[in-house]
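Let's take a walk through this model together, one site at a time. Keep the sequence handy and follow along in your viewer.

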Amino acid sequence: MYIRLGSTLLFLALATSGMAQTKFQPEDTEFYSPKPRIVSVQHNVPSDAIVLFDGKNLDQWTSRKTPDQAAAWSIENDILTVKPGTGDIQTKQQFENFQLHVEWKSPTVIKGDGQGRGNSGIFLQGLYEIQVLDNDNNPTYVNGQAGSIYKQRPPLVEVRASEDKWHRYDIIYNAPRFNEDGMLIKKANVTVLHNGVLVQHNTPIEGTTEYIGLPKMEAHGAGPIVLQDHGDLVSFRNIWIRPL
Ligand code: MG
């Protein structure tokens, strides 16, 4: 026998020996509510996404160092480019769990080597960096190449740019959870598709991105999306997020 409770089907097995096995009909395991919300997609942007940058302005962003000041990066032809020396930029809004879409492009003029070539990054909750780097014929430590969780986990594979030189990141992120005493009870984890190719698969994040030393894990709440000014002319376009 079974009892239907809203969308939950609670099955009670009849354990009495000798009893005939419960016979189900197909409709016994079909339910109709709650209904998934309808999301349409226009120009590759889901209708329920928060658009963080669509080529027009940086209204959704501030300077990271001085959050009461506007983000000072440049916009030209609907493309956002790092203005070296002005510092990282961050979203005004804070996020917990999300699906994030970011497109980026390495500088047209190739200069520098290793971490000094086309370096930027996307910090999840302002703390955990998904690396942006010009990987093309540019050896560096693998947990610092594009698609890595910087200084923690290399990407599963190294993905090249599409023909127009643009890269796409689709990032699905679950924030860490802490108890009331600030103890970590669940690590953050992240899945990243790089140009549609899986490069991080539900990867646990060990803690903050540190250039020197080990990751740190301190209790925190919602945080912004941060784009890194590493001194290189990396460009961005089509940035949107769906809180989950
Ligand atoms: Mg970086």
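**A guided tour of the model**

Before we start, keep in mind that this is a predicted model, where local features need pLDDT of at least 70, side-chain atom pairs count only at pLDDT 80 or more, and totals for chains, interfaces and linings use all residues. Residues are numbered from 1 along each chain as its sequence is written, and side-chain values use heavy atoms, with hydrogens and water left out.

Let's begin with the metal. The magnesium ion has as its protein donors N119 (OD1), S120 (O), E129 (OE), Q131 (OE1) and Q228 (OE1), which lie 2.2 to 2.3 Å from it. Donors here are N, O and S atoms within 2.8 Å of the metal (3.2 Å for Na, K and Ca), and since water is not among the atoms, sites may look incomplete. Along the chain, the donors follow the spacing N-S-x8-E-x1-Q-x96-Q. S120 sits in strand β11 (residues 120-124), while Q228 belongs to the loop between β18 (226-227) and β19 (235-243), so this pair ties together parts that are 108 residues apart in sequence. Strands, by the way, are DSSP runs of E with at least two residues, helices are runs of H or I with at least four, and both are numbered from the N terminus. S120 is buried at 0% relative accessibility, and Q228 is buried too, at 12%. Buried means under 20% relative accessible area, exposed means over 50%, and partly exposed is in between (1.4 Å probe, protein chains only).

Now for the rings. The structure holds six aromatic pairs. Take F95 and F98: their ring centres are 6.3 Å apart and their planes meet at 75 degrees, so this pair is edge-to-face. Rings of Phe, Tyr and Trp (its six-membered ring) pair if their centres lie within 6.5 Å, with planes under 30 degrees apart called stacked, over 60 edge-to-face and the rest tilted. F95 is buried, with a relative accessible area of 3%, and F98 is buried at 0%. Y141 and Y150 make another pair, with centres 6.1 Å apart and planes at 55 degrees, so that one is tilted. Of these two tyrosines, Y141 is partly exposed at 30%, whereas Y150 is buried at 7%. Ring pairs also link F95, F98, Y128 and Y173 into a cluster.

Two arginines are worth a look while we're on aromatics. R64 lies over the face of F123, 5.2 Å from the ring centre, and R237 lies over the face of W166, at 4.1 Å. A charge sits over a ring if NZ of Lys or CZ of Arg is within 6 Å of the ring centre and within 35 degrees of the ring normal.

On to the charged pairs. There are eleven salt bridges in the structure, each a side-chain nitrogen of Lys or Arg within 4 Å of a carboxyl oxygen of Asp or Glu. One of them joins D54 to K56, with the closest N and O atoms 3.5 Å apart; D54 is partly exposed at 39% and K56 is exposed at 63%. In another, the side chains of R117 and D113 meet at 3.2 Å, N to O. R160 bridges to D136, with the closest N and O atoms 3.7 Å apart.

Finally, check the backbone. Most residues other than glycine have a negative phi, and most peptide bonds are trans. Which peptide bond is cis, with omega near -5 degrees? That's the one from S33 to P34, and P34 is found in the loop between β2 (8-11) and β3 (41-42). N77 isn't a glycine, yet has a positive phi of about 50 degrees; look for N77 in the loop between β7 (74-76) and β8 (79-81), where this asparagine is exposed at 67%. N238, also not a glycine, has a positive phi of about 45 degrees. N238 is found in strand β19 and is partly exposed at 33%.
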